[in-house]
Amino acid sequence: MYYDKSKPLNKRNVIEFLKSVGIEVKTNTKARGNQGLYQKNRIDIARGIKDDKAIEVLVHEFAHHIHYKIDKDFIKNGGSIETLFDTTSTSSIKKELINITNLIDKNSRLQVFSDAKDDASKTIKRMQNAIKRDYPNFLRSKKFPEFEKYIKNSDAKYLVKYDAVRISKGLFFKKEVVLSIKNLEKDFPDMPKAFQIYIRLCSLQRKQLKLARRMNKLNKYYEKPTELFARFVQGYFSTPETISTIAPITVKRFNELLESGYYKELKNLFEIFAKKY
């Protein structure tokens, strides 16, 4: 492969390099809602990204391309650190890779979700205490017999499982009615306050469960070896001094494999554009 190593680092020249190694690059797509997307021998970057960020995205997606060359099954299984770094000693490398991910992508800490989950827990605790003032034996982990007896013949029973429902009323002339937790006091003015609180508590528990599922899903994504590797390459390419400081073991092994040609054309990318490696 021939490429002019004197060319400066900018989005256009990085794209030229990627095309020179057989990769199709699309810069006018939505990248399926992401900043970038890798598919076999093709990289999409979202339109409107500034040049500096676009370069990071291109390097990140190119790392996926290199991973594909090393392990074609990585798209199905997320890859393995053992294969990516050609070693069985991966414990320290994985810890460093996670630290890099947390540095590069602040969203990887899931702080927004974690804060929302904590807020829900605190609110649920306050609700529980409020219910206990009228029903001292109330426990979230057990049935609430007084509530179940009251709710049995009330349309409010639907709001125990759903935040809003549409129901039909009337025997002959059907009329649709929308019930919502937001209008609980208005729709059920005679309902004891403790029962209203309990229905809202059930809603918050559902929200908390959804947050936990979302966090688990995102954690699995962020800790996929292929994503850890791509963020490492992205970070080391852009800020080698910083990454060398926080991930010395990973950098040392990466450079050994880079020099040996293990990462194929990734070596050419670093030789041409990176500050150092």
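In the predicted model, F17 is a buried residue, with a relative accessible area of 0%. F62 is likewise assigned 0% relative accessibility and counts as buried. Both values fall under the 20% limit, and therefore both residues are classed as buried.

A search of the whole structure for aromatic pairs returned 25 of them. One of these is formed by F17 and F62, whose ring centres lie 5.9 Å apart with an angle of 85° between the planes, an edge-to-face arrangement. This pair connects distant parts of the chain: F17 belongs to helix α1 (residues 11-20) and F62 to helix α2 (residues 51-70), with a separation of 45 residues.

A further edge-to-face pair is made by F85 and F232, at 6.3 Å centre to centre and with 65° between the planes. Here too, distant parts of the chain are linked, since F85 is located in the loop between α4 (81-84) and α5 (91-104), whereas F232 is in helix α10 (residues 225-238), 147 residues apart. F85 counts as buried at 0% relative accessibility, and F232 is buried with a relative accessible area of 0%.

F85 and F232 also belong to one aromatic cluster, which includes F229, Y236, F237, F254, Y262, Y263 and F270.

A contact of another kind involves a charged residue. K72 is placed over the face of Y68, at 5.2 Å from the ring centre.

Notes. Residues are numbered from 1 along each chain as its sequence is written. This is a predicted model: local features need pLDDT of at least 70, side-chain atom pairs count only at pLDDT 80 or more; totals for chains, interfaces and linings use all residues. Side-chain values use heavy atoms; hydrogens and water are left out. Rings of Phe, Tyr and Trp (its six-membered ring) pair if their centres lie within 6.5 Å; planes under 30 degrees apart count as stacked, over 60 as edge-to-face and the rest as tilted. Helices (H or I, at least four residues) and strands (E, at least two) are DSSP runs, numbered from the N terminus. Buried means under 20% relative accessible area, exposed over 50%, partly exposed in between (1.4 Å probe, protein chains only). A charge sits over a ring if NZ of Lys or CZ of Arg is within 6 Å of the ring centre and within 35 degrees of the ring normal.
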